[in-house]
Amino acid sequence: QRKSGGHLLLEWYLHHGPYTTMQRFGPGDRGSPLALHSAPWKRAFRTLLVAMHDSLEAKGVPRNRILHYIYDEYLGENFVETAKVIRAVNKDYKIFSDLLAPLEDYQRVAPYVDVWCPHFSGLEAMAKDGRLEFLKSTGDDIWFYDCGRTQRMSSPYTAYRHKFWRAYRYGLQGCTYHVYRSGRMSDYYAIRGGPAVHSRRYEGWFSG
């Protein structure tokens, strides 16, 4: 991060199962799980947020380069509740959203988002129906993302290079590629410069 100046996404992924709960630790006992958005959960989450930031900032990561990716493709009430906790801890903590959504959803959650990243497939429609104009009016960064699993046979032109051209065309600040690994894990790649890399995909990114 220090070399590239890029962002770190902290992927909380608070949708279901073990991701929504935290354990109350005691001497020799894990204790009971803390229900999402309960008072004990919020206390634990606030403590964890501060600890994560303290650790990363001590290692030289600027606060404005740490993004909290709290839900994947979701802007419902749980998103708002979690975002309120983050804002209450520190208004400078940054929140990331990747949902391609109706204008009403964007308007409702605008106070809680610092980086918008809708899916690439919706950019043209968003430019026509006013959603992109609204996102720009918030003053926040706007990226977009595309995703996929098997990329070996994808054209570097259509799958990668023209993504940067679209970002330029619409006046956006970035584009990312969401790469699936093992069907469950994923990485975001946002190429902003650096040494050449020798693959069809990344040569396409750099060329774009």
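Glu 73 is found in the loop between strand S4 (66-69) and H2, where helices (H or I, at least four residues) and strands (E, at least two) are DSSP runs numbered from the N terminus. Its phi is near 50°, a positive value in a residue other than glycine. Glu 73 counts as partly exposed because its relative accessibility is 41%; buried means under 20% relative accessible area, exposed over 50%, and partly exposed in between (1.4 Å probe, protein chains only).

His 37 lies in the loop between strand S3 (33-34) and H1. Phi of His 37 is near 70°, again a positive value in a residue other than glycine. With 15% relative accessibility, His 37 counts as buried. Most residues other than glycine have a negative phi.

## Basis of the model

This is a predicted model, in which local features need pLDDT of at least 70 and side-chain atom pairs count only at pLDDT 80 or more, while totals for chains, interfaces and linings use all residues. Residues are numbered from 1 along each chain as its sequence is written, and side-chain values use heavy atoms, with hydrogens and water left out.

## Overall architecture

The protein contains seven helices and nine strands. Of its 208 residues, 42% are buried. Among contacts (heavy atoms within 4.5 Å) between residues at least 6 apart in sequence, 62% join residues at least 24 apart.

## Nonpolar cores

The largest nonpolar core has 41 residues, and those with the most contacts inside it are Ile 70, Phe 79, Tyr 106, Trp 116 and Leu 172. Such a core is a set of buried Ala, Val, Leu, Ile, Met, Phe, Trp, Tyr and Cys residues joined through side-chain atoms within 4.5 Å. Elements that give two or more residues to this core include helix H1 (39-58), helix H2 (77-89) and strand S7 (141-148). H2 supplies the largest share, five residues.

A second, separate core of seven residues includes Leu 67, Phe 96, Cys 117 and Trp 143.

## Packing of H1 against H2

H1 and H2 pack at an angle of about 55°, with their axes 10 Å apart; axes are lines fitted to C-alpha atoms, for helices over the stretch in contact, and angles run from 0 to 180 degrees between N-to-C directions. H1 is therefore oblique to H2, since angles under 35 degrees count as roughly parallel, over 145 as roughly antiparallel, 65 to 115 as roughly perpendicular and the rest as oblique. On the H1 side, the residues making the contact include Trp 41, Phe 45 and Leu 49, and on the H2 side they include Glu 81, Val 85 and Val 89.
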